[in-house]
Amino acid sequence: MGGVDRRSFLKRAGAAGALGGAALLGSRDIVSAQSMHDHMGHGGHGTVGTVDHVRNGFNPMELLTEFDEGEVSRDLSGRTVREYEFVTVNKDIEVAPGVFFPAWTYNGRVPGPTIRATEGDRLRIKLVNATEHPHSMHFHGFHIAGMDGVPGAGEVMPGESFVYEFDAEPFGTHLYHCHSLPLKQHIHRGLYGGFIVDPKKGRPDANEMVMVMNAFDTNFDGVNEVYAVNTIAFAYVNEPIPIRAGELQRAHVINITEFDPLNSIHLHANFFNLFRTGTSLTPHEFTDTISMGQAERHMIEFTYKDPGRFMFHAHQTEFVELGWMSFFEVS
Amino acid sequence: MVARVARLPNWVAAVLPALLIAALVFGFVKLDPIGSLREVPPVEAIAFERTVLTEGHISLHVRNDGPDPVTIAQVMIDDAYWNHEIGDRTLGRLESTSIDADYPWAAGNPLSIGLVTSTGIVIQHNIEVASLSPSLDGSTLGIYALLGLYIGVIPIAVGLLWFPALRRASQKWLTFFLAFTVGLLVFLLVDTVSEGLDIANQTAAALNGLGVFFIGALLAVSGLAWLSSALDAQRKVTSGLLLAYLIASGIGLHNLGEGLAVGAALTSGEVALGTFLVVGFALHNTTEGLAIVAPLGAEEERPGLRHFVALGAIAGLPTILGAWAGGFAFSPVWGSFAFGIAAGAIAQVIWAISRSMRERAGSGAAVLGFCVGLVAMYATGLLA
């Protein structure tokens, strides 16, 4: 008992008195775990309020199905050429209602535009750096060393620009991101986006979606405060994604979450065909949950038989309650 | 220049410096010459003043204690964004608001609450052991009163019963007990100061808990000094009885603070369990009763019973009041003030007793009594 200081002594004395009193008056309830369970129905996790998508300049519902096919032309050999212009800008974006994150963006949005091309297309992507830090676009795909978008090879200094030029290959679900230093700072600030290359033969008709699993360390302590698909916490809870029963759904799921080694996606009441990295025409696996490290990305295909509201979310439940929770509204 | 100022009317000379400083402040605020030094993110700080846990529900009272306005955008409970109701999301300097959330917290587990501000800062408040906050009803008030009775009133009343024995004690023993009282009070003073500073630290920074503590202390010192000299001048009470009343007031104010701490600890869920601790507490406080009657041993006439009842009430009842206030209306700033008053009162009483026994201060009985007083408080504290 030698270590008891008077303050903790006081506290314990107080508790003892209360218990003694309870015994005497016999009217004090002890809260049980069971009675707590009865209250699960009230309240619940989620954010309060709404995000102003207009002020943000992008809407997660539109990001989902927006594919940027570029300025299309043909070269002398008749091959498709796609030209893009990207600008890096700093922008405060609202990642949860009322919570602003000082993002670094491609074209003022996080994630950046989803580049969409067909296998073998020639891509010319001009990056203009309108910020005070060096930036780059590093593509996951085939390209020559000089087009790698890393310091020393295609890094763009403030006020300057650079054109990345390469063929779109291999087909699959890919991504691009800034590769300037310090790396984790440039990535977690929002400089990333989807890069989808379709196979020449094409794929069956489907409702296609891009889901970039991302997170934001809003207080810059190396731990994320907000998790989401396409940036806005609980976006597809507040506004479920409308899809049709019986229609094939194809989602390009890309993980760019910084600080956490893994992220994942899990569909409720359904299973999906998993095409790893989207580089195959036949599925690798039939499952309902898939984990991914950073820059891992997969194409998943699924169909809902019946109408209803179905959850999908990370199966790191911590991420769920910090924003990575969504719904499909199947009609 | 000097000559001209001297010719100004008196009231102008008196008002002029005030006008000058007002003009300077106005100019500084308007022109903002150090604005460039402030090109940094705002300093956001929020103090959690009160947390009340009821079944499946959390109520918070928070105050912006930083220099800049804060907007509370979201609430995280146990690292999950949680639905909630809030009065005002944007709080100016020192403004406060309440937050309510239905949350199935589990008794006995830790609970963490994070307020996410508009800039993405998370201000965290951790409750070590979640437990049901007492509700303000008759039975809870009764329990708190009972608690105060056990730890404050009864032990002191029992301690007063030493009076008959003291009456028969020799001069040496009386000196011993008076010195014992001083030792006991010194122990209480150190304890009160340390707890008061602790609570002052929990106070919203902008409210300056430390300042409040010392204002309380100095008010008590000057108040009691004035009171005792006023009573002394009227010669309505004997010097021994006056001293007893002073000691009772000092101990009473200390017990008010003790009650506050107990009540607040119960409400905020910072308590661990153990009935035997009340027993230890009772022993600890019984010595306070002895301290009160120590100066009465040498009285020519035995004071009337009403004096003993009054002394016991002054010293003991504040424990109950403190427990009620601490349990249902605790705020760290008032806590700092209460502990400040207690510290000041005890210091004043120590001084008064020491002065009364000046000529005996160096005797062996006095030194021994002082040391025994200190050790007795320490030891009865350990017993628990």
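In chain A, six strands form an open sheet with mixed pairing, in the order E11-E10-E13-E18-E15-E16. Strands here are DSSP runs of E of at least two residues, and helices are runs of H or I of at least four, numbered from the N terminus; two strands pair if DSSP finds at least two bridges between them. This is a predicted model, in which local features need pLDDT of at least 70 and side-chain atom pairs count only at pLDDT 80 or more, while totals for chains, interfaces and linings use all residues. Residues are numbered from 1 along each chain as its sequence is written, and chains are lettered from A and ligands numbered from 1 in the order in which they are written.

**The sheet of chain A**

- The edges of the sheet are strand E11 (226–229) and strand E16 (285–287) of chain A, each of which pairs on one side only.
- On average, neighbouring strands of this sheet are turned by 25° against each other, direction ignored; axes are lines fitted to C-alpha atoms, for helices over the stretch in contact, and angles otherwise run from 0 to 180 degrees between N-to-C directions.
- Strand E10 (residues 207–216) and strand E13 (residues 249–255) of chain A pair in the parallel sense over seven bridges.
- A:Asn207 has A:Gln249 as its bridge partner in E13(A).

**Nonpolar cores**

- The largest nonpolar core has 102 residues, of which A:Val95, A:Val226, A:Tyr227, A:Ala233 and A:Trp324 touch the most other members.
- Such a core is a set of buried Ala, Val, Leu, Ile, Met, Phe, Trp, Tyr and Cys residues joined through C-beta atoms within 7 Å.
- A residue is buried if 20 or more other C-beta atoms, placed from the backbone, lie within 10 Å of its own, exposed if 12 or fewer do, and partly exposed in between.
- Beyond its neighbours within four places in sequence, A:Val226 has contacts that include A:Val95, A:Val99, A:Phe216, A:Ala233 and A:Leu322; contact requires C-beta atoms, placed from the backbone, within 7 Å.
- Another core, of 72 residues, lies apart from it and includes B:Ala264, B:Leu317, B:Ala323 and B:Phe337.

**Backbone features of chain A**

- The peptide bond between A:Val110 and A:Pro111 is cis, with omega about -5°, and A:Pro111 is in the loop between strand E3 (99–106) and strand E4 (112–118) of chain A.
- A cis peptide bond also joins A:Leu181 and A:Pro182, with omega about -5°; A:Pro182 lies in the loop between strand E8 (172–177) and helix H5 (183–188) of chain A.
- A:Asn230, a residue other than glycine, has a positive phi near 60° and is in the loop between E11 and helix H6 (235–238) of chain A.
- A:Asn230 counts as buried because it has 24 C-beta neighbours inside 10 Å.
- A:Thr231 is found in the loop between E11 and H6 of chain A, and its phi is positive, near 85°.
- With 27 other C-beta atoms within 10 Å, A:Thr231 is buried.

**Chain B**

- Chain B has eleven helices and nine strands, and 47% of its 384 residues count as buried.
- Among contacts in chain B between residues at least 6 apart in sequence, 81% join residues at least 24 apart.
- The axes of helix H5 (residues 171–202) and helix H6 (residues 209–234) of chain B come within 7 Å and cross at roughly 140°.
- H5(B) is therefore oblique to H6(B).

Technical notes:
Contact = placed C-beta atoms within 7 Å. Parallel < 35°, antiparallel > 145°, perpendicular 65-115°, else oblique.
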